[in-house]
Amino acid sequence: LLLGPLLHLYDVLVSTSLLLPSIRPPWTNKIFIRMLIDQIIFLPSLDLLILLYLDTLQGFSFSMIGHHIEQGLATIVITTWKIWIPASLVQILFCPTELRLQFLFLVSFVWFTFVSLLLNAERM
């Protein structure tokens with residue numbers, strides 16, 4: 001409910017503000033700017049939102065949510081970069097505009113599986 005509209009809105013805003021509706025190779029400065037925006041601003045914020053969302057759904061207290069953020073956010077952000085930098089490059093360079101969101105959903109499925117396993121590792 002949250003991720004689809006958020007990703008779509010973000011992609012539309014960044015694509016239109018940077019005039020990047022359909023970039024193709026070779027590498028350009030606009031692609032580099034888009035990657036920086038994705039990796040430095042959007043994805044760490046999204047990781048924090050995911051942690052808050054998942055912990056809230058599980059009924060954790062504010063102190064437990066804070067503990068998860070302290071313990072897991074750095075690991076999640078580093079892993080985010082390992083997964084999403086290559087995924088973003090593929091999406092920006094090779095995916096037609098109409099398939100970008102579907103590609104992101106596929107990568108998101110893998111990503112949410114990792115986050116869920118990480119957050120629930122303490123319980124197992």
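1. Two residues are in contact when they have heavy atoms within 4.5 Å of each other. By that rule, and not counting residues up to four places away in sequence, Ile76 touches Asp47, Leu51, Trp111, Phe114, Val115 and Leu118. Ile76 is found in helix H3; helices (H or I, at least four residues) and strands (E, at least two) are DSSP runs, numbered from the N terminus. Ile76 and Asp47 are 29 residues apart in sequence, and their C-alpha atoms are 7.1 Å apart in space.

2. Some ground rules come next. This is a predicted model, in which local features need pLDDT of at least 70 and side-chain atom pairs count only at pLDDT 80 or more, while totals for chains, interfaces and linings use all residues. Residues are numbered from 1 along each chain as its sequence is written, and side-chain values use heavy atoms, with hydrogens and water left out.

3. On confidence: pLDDT is the predictor's confidence in each residue, from 0 to 100. The protein averages 79, and 87% of the residues score at least 70. Confidence is lowest in helix H1 (residues 3-17), at a mean of 75, and highest in helix H3 (residues 62-94), at 86. Where pLDDT is low, the predicted coordinates should not be read in detail.

4. On the overall fold: the protein has 4 helices and 0 strands, and reads α-α-α-α along the sequence. Among contacts between residues at least 6 apart in sequence, 71% join residues at least 24 apart.

5. On burial: a residue is buried under 20% relative accessible area, exposed over 50%, and partly exposed in between (1.4 Å probe, protein chains only). Buried residues make up 35% of the 124 residues. Ile76 is one of the buried residues, because its relative accessible area is 1%.

6. On the core: a nonpolar core is a set of buried Ala, Val, Leu, Ile, Met, Phe, Trp, Tyr and Cys residues joined through side-chain atoms within 4.5 Å. The largest one has 16 residues, and those with the most contacts inside it are Phe42, Leu46, Trp84 and Trp111. Helices H1, H2, H3 and H4 (100-120) each supply at least two residues of this core, with H2 giving the most, 5 residues.

7. What does Trp111 contact, leaving aside its neighbours within four places in sequence? The list is Asp47, Ile50, Ile76, Thr79, Thr80, Ile83 and Trp84.

8. Ser45 lies in helix H2 and counts as partly exposed because its relative accessibility is 45%; its C-alpha atom is 9.4 Å from that of Val77, 32 residues apart along the chain. Gly66 lies in helix H3 and is partly exposed because its relative accessible area is 27%; the C-alpha atoms of Gly66 and Leu52, 14 residues apart along the chain, are separated by 8.9 Å.

9. Phe32, Ile33, Leu36, Ile40 and Ile41 make a nonpolar surface patch of about 470 Å². Such a patch joins nonpolar side chains (Val, Leu, Ile, Met, Phe, Trp, Tyr) within 5 Å, from residues with over 30% relative accessible area and no salt bridge (a side-chain nitrogen of Lys or Arg within 4 Å of a carboxyl oxygen of Asp or Glu). Ile40 is found in helix H2 (residues 29-57) and counts as exposed because its relative accessibility is 56%.

Terms used: Patch = residues over 30% accessible without salt bridge, like charges linked within 9 Å, V, L, I, M, F, W, Y side chains within 5 Å. Areas by Shrake-Rupley, 256 points an atom, 1.4 Å probe, with all protein chains shown as cover.
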